[in-house]
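Dear colleague,

I am passing on to you the structure below, together with some notes on what turned up in it. Please read the notes with the structure open beside them.

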Amino acid sequence: MNFKLPLLLLLFVSTFASAQQTISVKGSAPYPATQEYTFICEKYAYSGEINVQIAKTEKGGILKLTVSTANDKAKIAGGVYVDLTNADVIACTDKNVKESADGKTTAYYYFTPAEWLKLKKTDIYAIRFIIAGGPDISGNLTGHFTAYSKVKYFSTAFDKSKKTFDTAKEISVL
């Protein structure tokens, strides 16, 4: 009886310790992924933020972008630019892999092996994207937007903690 309790506790703790995020694209096998980051997008009037997640694949990686929309016709469209903190830019082309549900639209972009190596070494500074929709959508809900990697929206001048996400560290662990 005394032996069963530590064994059950060990199994319980190991289940949560090994829980990892995954991304599955259009019913594919799940890929190991980073946590979901919330980047701040001040110019996007509807929500002011976009959710970003990155997964490792056999041939590089996947960038998953999810944003809340006011209209089902609004989608993330066109190419996306991933700006790194060392001033490198990764241009992702639109392969038209998208999903929409529950007032949110999601788009997937793919990284080559060379781009994946850059992501493992350098944090993401910002992501530039486009939201397109029909003619009946308000002008401040469509257009070109930039979302910044910021942990907190507000901070003081005395706060010396890092204010951006450690994307390179998490990507290198995948």
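Predicted model: local features only at pLDDT ≥ 70, side-chain atom pairs only at ≥ 80, totals over all residues.

Cysteine 92 is buried, because its relative accessibility is 3%, under the 20% cut-off, and cysteine 41, at 0% relative accessibility, also counts as buried.

S6 and S7 form a hairpin with 4 residues between them, and in the turn alanine 87 has a positive phi of about 80°.

Aspartate 83 is buried, with a relative accessible area of 13%, whereas arginine 128 is partly exposed, with a relative accessible area of 31%.

Another salt bridge is formed by the side chains of lysine 150 and glutamate 42, at 3.6 Å from N to O. This pair, too, links distant parts of the chain: lysine 150 is in the loop between S11 and helix H3 (167-173), glutamate 42 is in the loop between S3 and S4, and the two are 108 residues apart. Lysine 150 counts as partly exposed at 28% relative accessibility, and glutamate 42 is partly exposed as well, with a relative accessible area of 48%. There is also a salt bridge between aspartate 94 and lysine 98, whose closest N and O atoms are 3.0 Å apart; aspartate 94 counts as partly exposed at 31% relative accessibility, while lysine 98 is buried, with a relative accessible area of 16%.

Turning to the aromatic residues, a search of the whole structure finds 6 aromatic pairs. In one of them, tyrosine 44 and phenylalanine 145 have their ring centres 5.2 Å apart and their planes at 75°, so this pair is edge-to-face. It joins distant parts of the chain, with tyrosine 44 in the loop between strand S3 (37-40) and strand S4 (49-57) and phenylalanine 145 in strand S11 (residues 143-148), 101 residues apart. Both tyrosine 44 and phenylalanine 145 are buried.

Phenylalanine 145 also forms an aromatic pair with phenylalanine 129, and this one is tilted, with 5.8 Å from centre to centre and 35° between the planes. Because phenylalanine 129 lies in strand S10 and phenylalanine 145 in strand S11, the pair ties together parts that are 16 residues apart in sequence. The relative accessible area is 2% for phenylalanine 129, which is buried, and 6% for phenylalanine 145, which is buried. Elsewhere, Tyr37, Phe39 and Phe165 form one aromatic cluster.

Two further residues may be worth a look. Asparagine 51 has its place in strand S4 and counts as buried at 14% relative accessibility. Its side chain is joined to that of threonine 38 by a polar contact of 3.2 Å. Leaving aside neighbours within four places in sequence, asparagine 51 is in contact with several residues, including Glu36, Tyr37, Lys64, Leu65 and Lys104.

Proline 113, by contrast, counts as exposed, at 51% relative accessibility, and is found in helix H2, residues 113-121. Apart from neighbours within four places in sequence, proline 113 is in contact with Lys59 and Gly60. The C-alpha atoms of proline 113 and threonine 57 are separated by 9.3 Å, and these two residues are 56 residues apart along the chain.

Methods:
Residues numbered from 1 in each chain as written. Heavy atoms only, no water. Pairing = 2+ DSSP bridges. Buried < 20%, exposed > 50% of the residue type's maximum accessible area, 1.4 Å probe, protein only. Contact = heavy atoms within 4.5 Å. Phe/Tyr/Trp six-rings, centres within 6.5 Å; stacked < 30°, edge-to-face > 60°. Polar contact = N/O pair within 3.5 Å; in protein donor to acceptor, adjacent residues only side chain to side chain. Salt bridge = Lys/Arg side-chain N within 4 Å of Asp/Glu carboxyl O.
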